[in-house]
Every structure is written in structure tokens, then in C-alpha cells.
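Please look at the chain below with its helices and aromatic rings in mind.

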Amino acid sequence: MKTPKQILYALFIVFAAVNLYALYFGGWKAMVDLVVEANPWAIVVTMDLFISLGLICTWIYQDSRENKRSALGYIILAFTTGSFGPLLYLINRQERQTT
């Protein structure tokens with residue numbers, strides 16, 4: 001059975017690969033066009049992403065304060081790169097709990 005750490009690493013690698021694929025074949029312009037020329041469903045998905053990231057970042061902030069760590073870098077990553085920030089926080093949190 002896979003450990004939570006292995007699952008987090010696998011998610012991170014898959015998410016990074018999908019992002020690189022999108023960046024290579026669509027480029028930055030495709031992402032900007034998605035936001036600028038958004039249809040109603042693109043707006044809903046974008047809003048949902050930001051609400052979810054806000055909730056996750058709230059938890060990251062509270063958890064990092066309890067563990068006397070800084071959350072600023074992970075929160076900045078979350079709002080600039082999406083799930084990379086929370087995934088990296090969980091990977092680092094998992095490593096600190098096992099040591």
C-alpha cells in the first residue's frame with residue numbers, strides 16, 4: 001500500500017506534467033485567453049478554484065502557526081501556480097512529521 005507521502009509525490013509529478021504539457025502546447029496566451037474570453041463555465045471554474053485555494057490557504061496558515069513555520073511562500077505559490085503550493089506544503093509537512 002502506498003504511503004501518503006508517495007501519493008503526494010505522485011500527485012505533484014502528474015500535476016507538473018499536465019502543466020508542462022499545457023504550457024508547451026497552449027502557451028501562456030492560451031491561459032490568458034481562457035480568462036479574458038471566458039464563457040460562463042470558465043468563470044465558474046475559475047471562481048471555484050480561487051474559493052478552494054482560499055480555504056486551503058486558510059488551513060495552511062493555521063497549521064503553520066501551530067507548528068511555528070512560515071506559510072507565506074506556500075500561499076504565494078498557491079495563488080500563482082494553483083495546487084503546487086498546497087501540494088508542496090503537504091509534502092514538507094509530511095516529511096517533518098515523520099522525522
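Tyr 21 is exposed, with a relative accessible area of 55%, where exposed means over 50%, buried under 20% and partly exposed in between (1.4 Å probe, protein chains only). Phe 25 is exposed as well, at a relative accessible area of 59%. Both residues lie in helix α1, four residues apart, which is about one turn of the helix. Helices here are DSSP runs of H or I with at least four residues, strands are runs of E with at least two, and both are numbered from the N terminus. The ring centres of Tyr 21 and Phe 25 are 4.8 Å apart and the planes stand at 50°, so this pair is tilted. Rings of Phe, Tyr and Trp (its six-membered ring) pair if their centres lie within 6.5 Å; planes under 30 degrees apart count as stacked, over 60 as edge-to-face and the rest as tilted.

The model is a predicted one: local features need pLDDT of at least 70 and side-chain atom pairs count only at pLDDT 80 or more, while totals for chains, interfaces and linings use all residues. Residues are numbered from 1 along each chain as its sequence is written, and side-chain values use heavy atoms, with hydrogens and water left out.

The whole structure contains seven aromatic pairs. In one of them, Phe 15 and Phe 84 have ring centres 4.8 Å apart and planes at 55°, so that pair is tilted. Phe 15 sits in helix α1 and Phe 84 in helix α4 (residues 84–98), so the pair links parts of the chain that are distant, 69 residues apart.

Phe 12, Phe 15 and Phe 84 form one aromatic cluster. Phe 12 belongs to helix α1 (residues 4–36) and is partly exposed, with a relative accessible area of 22%. Leaving out residues up to four places away in sequence, Phe 12 touches Phe 84, Leu 87, Leu 88 and Ile 91; contact means heavy atoms within 4.5 Å.

Another helix packing involves α2 (residues 40–66) and α3 (residues 72–81), which meet at an angle of about 175° with their axes 10 Å apart. Axes are lines fitted to C-alpha atoms, for helices over the stretch in contact, and angles run from 0 to 180 degrees between N-to-C directions. The two helices α2 and α3 are therefore roughly antiparallel to each other; the class covers angles over 145 degrees, with under 35 roughly parallel, 65 to 115 roughly perpendicular and the rest oblique. On the α2 side the contact is made by Phe 50, Leu 53, Gly 54, Cys 57, Ile 60 and Tyr 61, and on the α3 side by Tyr 74, Ile 75, Ala 78 and Phe 79. These residues divide into nine nonpolar, one polar and no charged.

Taken as a whole, the protein chain has four helices and zero strands. Its C-alpha atoms fill a box of roughly 45 × 30 × 20 Å along the principal axes. Of its 99 residues, 20% count as buried.

Definitions and conventions: Nonpolar A, V, L, I, M, F, W, Y, C, P; charged D, E, K, R; others polar.
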